[in-house]
Amino acid sequence: MSVLEVKHVTKTFGHNTNEVTVLTDVNFTAAAGEVSLVIGPSGSGKSTFLTIAGGIQTPTAGDVVVQGNGLSQLSGKARDALRLNRIGFILQAYNLVPYLTVKDQFALVDRVKPKGNLSAADLRHLLEKLGISQLTNQYPAELSGGQTQRVAIARALYQNPDIILADEPTAALDSERVKVVGQLLHDLAKEHNKAIVVVTHDLRLKEFADKTYAIMDGKMTVA
Amino acid sequence: MFLALKEIRHEKLRYGLIIGMIVLVSYLVFVLSGLAYGLAQQNTQAISSWNASKVVLNSDANDSLSQSLITKQTADKVKLTTHEAYIGQAGVVAKAKGQAKLSAQFLGINQSQFIYKRVKVTSGHKPVTSHQIMVDDSFKDNGYRLGDKVTLNSTDTQYKIVGFTHNAKLSVAPVIYGTLGTWRTLSHVTTAFQASGIITNRDNFKTKTSDLSTLTMSKFINKLPGYSAQNTTFTFMIGFLMIIAMVVIAVFLYILTMQKLPNYAVLRAQGIPAKVLVTTTVSQALILVVGGLAIGAALTLATVLALPAGVPMSFNVPLLAGVTGGILLTGVIGALIPVKVILNVDPVSVMGG
Ligand SMILES: Nc1ncnc2c1ncn2[C@@H]1O[C@H](COP(=O)(O)OP(=O)(O)O)[C@@H](O)[C@H]1O
Ligand SMILES: [Mg+2]
């Protein structure tokens with residue numbers, strides 16, 4: 001069942017002579033229980049695609065439908081609520097709040113969204129799987145790049161979203177960790193029926209994907 | 001509140017500095033308002049204690065009691081009831097054997113009139129003869145005792161302190177109550193002059209004599225020498241300090257907010273409502289201001305306790321509430337400036353790459 005549909009999305013930045021088209025008539029569908037991988041080089045429009053799919057950026061043309069809701073029809077508040085409750089973002093940078101310990105990154109989610117998050121046991125399990133359970137009292141500044149990325153992944157999964165949108169989630173990870181993260185995303189899709197969209201230039205993730213797309217100069221094709 | 005507190009705890013130095021600024025500003029505001037209020041009181045305490053509503057002065061006196069002289073002839077044209085009283089004012093220097101000289105305000109009053117009756121005695125009794133005086137308690141702090149013989153100005157006549165009264169200050173000097181006869185002596189005028197002015201406690205008091213002008217107490221007080229100049233100065237200083245507090249808080253919070261924008265953008269991307277972030281900033285401002293105010297108030301209290309009794313600093317609840325409320329409001333206004341930035345934060349700005 002498709003939970004996320006990107007329909008004829010075009011995105012241009014700038015005006016007149018400065019106008020650049022970053023996405024051209026992109027069509028894409030993500031289904032529950034599947035990992036979709038979008039592979040493309042730097043500058044191909046991956047992040048733009050993902051942010052439009054997650055409703056933090058509006059397309060110039062076309063629309064995004066999340067679980068039956070056309071995003072262009074929703075108010076800003078409703079889109080916030082949708083992201084908070086249904087969509088988990090794993091962003092490329094600045095994922096963690098610098099003045100919160102790892103533990104408090106999760107506590108913050110509890111404050112804003114008191115219901116529907118992972119249980120304490122599930123969270124412990126997740127942190128162990130990602131190899132970061134010993135880091136709960138550390139501040140982000142005390143973590144390595146790879147540790148930060150894994151905490152950010154855990155943080156996004158903690159909200160227990162139906163849809164997970166990940167932007168280069170393995171950029172800072174070694175091959176061992178890539179396998180762990182890839183397997184984790186795969187298991188989430190299979191065992192918890194999540195729809196998972198990963199945009200990356202990391203070909204190592206290919207083996208965990210159900211569907212793979214290629215994006216090049218803003219045009220998406222099924223690989 | 002969660003984010004606000006966590007951040008303050010993590011960034012102790014940063015927020016410590018802001019609190020330090022607020023402590024200093026609120027301390028200054030407290031001390032200045034205490035001084036302003038204390039001085040204002042010492043200008044007017046004696047007058048307030050009479051509970052009067054109007055003052056009648058010579059119309060050429062430019063609304064100043066010390067410049068006013070009312071002749072007996074003019075005074076006789078005013079029909080006095082139990083609600084009116086003559087008053088004669090003279091600036092004096094009091095001196096007793098073995099004691100320091102004290103500048104004071106001599107007020108001559110009539111024993112059968114209402115001011116004499118309203119003045120409260122803290123020890124001893126009210127003067128009954130023209131060689132007796134009753135003085136403000138601050139004479140006590142300067143070593144004067146009941147029964148001391150005092151000379152006023154350079155005359156040789158001795159006046160005996162027969163009573164003390166509390167909170168009797170006029171134009172920031174202690175008051176000496178005596179008779180109108182003594183006032184004439186001190187002012188070098190004859191019995192052709194009745195008094196400096198007439199005080200009434202009737203709101204509707206009127207006189208038809210063009211030689212006299214009647215003014216309300218509040219107008220009279222504002223015309224006391226230096227009184228409104230002093231108040232204006234203090235009001236200006238306090239107002240400016242409030243504005244400084246506001247600018248400091250606004251600037252700090254603005255800079256901090258600008259630094260945090262990437263984090264805020266991520267939180268917005270994660271669906272955390274802008275309201276939460278705005279609440280965080282405003283509650284942070286409140287925590288900082290309340291903390292700063294509390295420490296500032298404690299410092300003020302310590303200062304008050306450490307200061308000698310003569311320093312005219314006093315507080316009352318409306319004053320404290322006003323100052324505290326003012327600084328709090330200032331903090332909130334300061335916090336509202338970065339709010340616009342927070343509301344406009346663009347989650348996409350941190351996508352990058
Ligand atoms: N806000 C913007 N204004 C102008 N150009 C942008 C903006 N955001 C992205 N771009 C451009 O769009 C292209 C695709 O960017 P992006 O989606 O970040 O690519 P990727 O994530 O694949 O590296 C880049 O050339 C980038 O410079
Ligand atoms: Mg990117």
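Student: Before we start, what is left out of the side-chain values?
Tutor: The model is predicted, so to speak: local features need pLDDT of at least 70, side-chain atom pairs count only at pLDDT 80 or more, and totals for chains, interfaces and linings use all residues. Residues are numbered from 1 along each chain as its sequence is written, chains are lettered from A and ligands numbered from 1 in the order in which they are written, and side-chain values use heavy atoms, leaving out hydrogens and water.

Student: How many residues of chain B are in contact with chain A?
Tutor: Contact here means heavy atoms within 4.5 Å. On the chain A side, 26 residues take part, and on the chain B side the number is 25.

Student: And what area is buried between chain B and chain A?
Tutor: The size of an interface is often given as the accessible area lost when the parts come together. Buried area is what two parts lose in accessible area (1.4 Å probe) on being put together, summed over both. Carbon and sulfur atoms give 64% of the area here, and the total is about 2400 Å².

Student: Which residue of chain A meets B:Lys6 in a salt bridge?
Tutor: A salt bridge needs a side-chain nitrogen of Lys or Arg within 4 Å of a carboxyl oxygen of Asp or Glu. The rule finds two across the interface of chain B and chain A. For B:Lys6 the N to O distance is 2.8 Å, and the partner is A:Asp104.

Student: How many residues apart in sequence are the parts tied together by A:Glu34 and A:Lys211?
Tutor: Over all chains the count comes to 17 salt bridges. In the one between A:Glu34 and A:Lys211, the closest N and O atoms are 3.0 Å apart. A:Glu34 sits in strand β3 of chain A and A:Lys211 in strand β9 of chain A, so the parts they tie together are separated in sequence by 177 residues. Strands (E, at least two residues) and helices (H or I, at least four) are DSSP runs, numbered from the N terminus.

Student: Are α1(B) and α9(B) parallel or oblique to each other?
Tutor: Axes are lines fitted to C-alpha atoms, for helices over the stretch in contact, with angles from 0 to 180 degrees between N-to-C directions. Under 35 degrees counts as roughly parallel, over 145 as roughly antiparallel, 65 to 115 as roughly perpendicular and the rest as oblique. These two axes come within 8 Å and cross at roughly 55 degrees. The pair is therefore oblique.

Student: Why are α2(B) and α10(B) called roughly antiparallel?
Tutor: Their axes come within 11 Å. α2(B) and α10(B) are therefore roughly antiparallel, as the crossing angle is roughly 150 degrees.

Student: What is the handedness of the crossing of α9(B) and α10(B)?
Tutor: The axes of α9(B) and α10(B) come within 9 Å. A crossing is left-handed if the near helix is turned anticlockwise from the far one by less than a right angle, and right-handed if clockwise. For α9(B) and α10(B), the crossing is right-handed.
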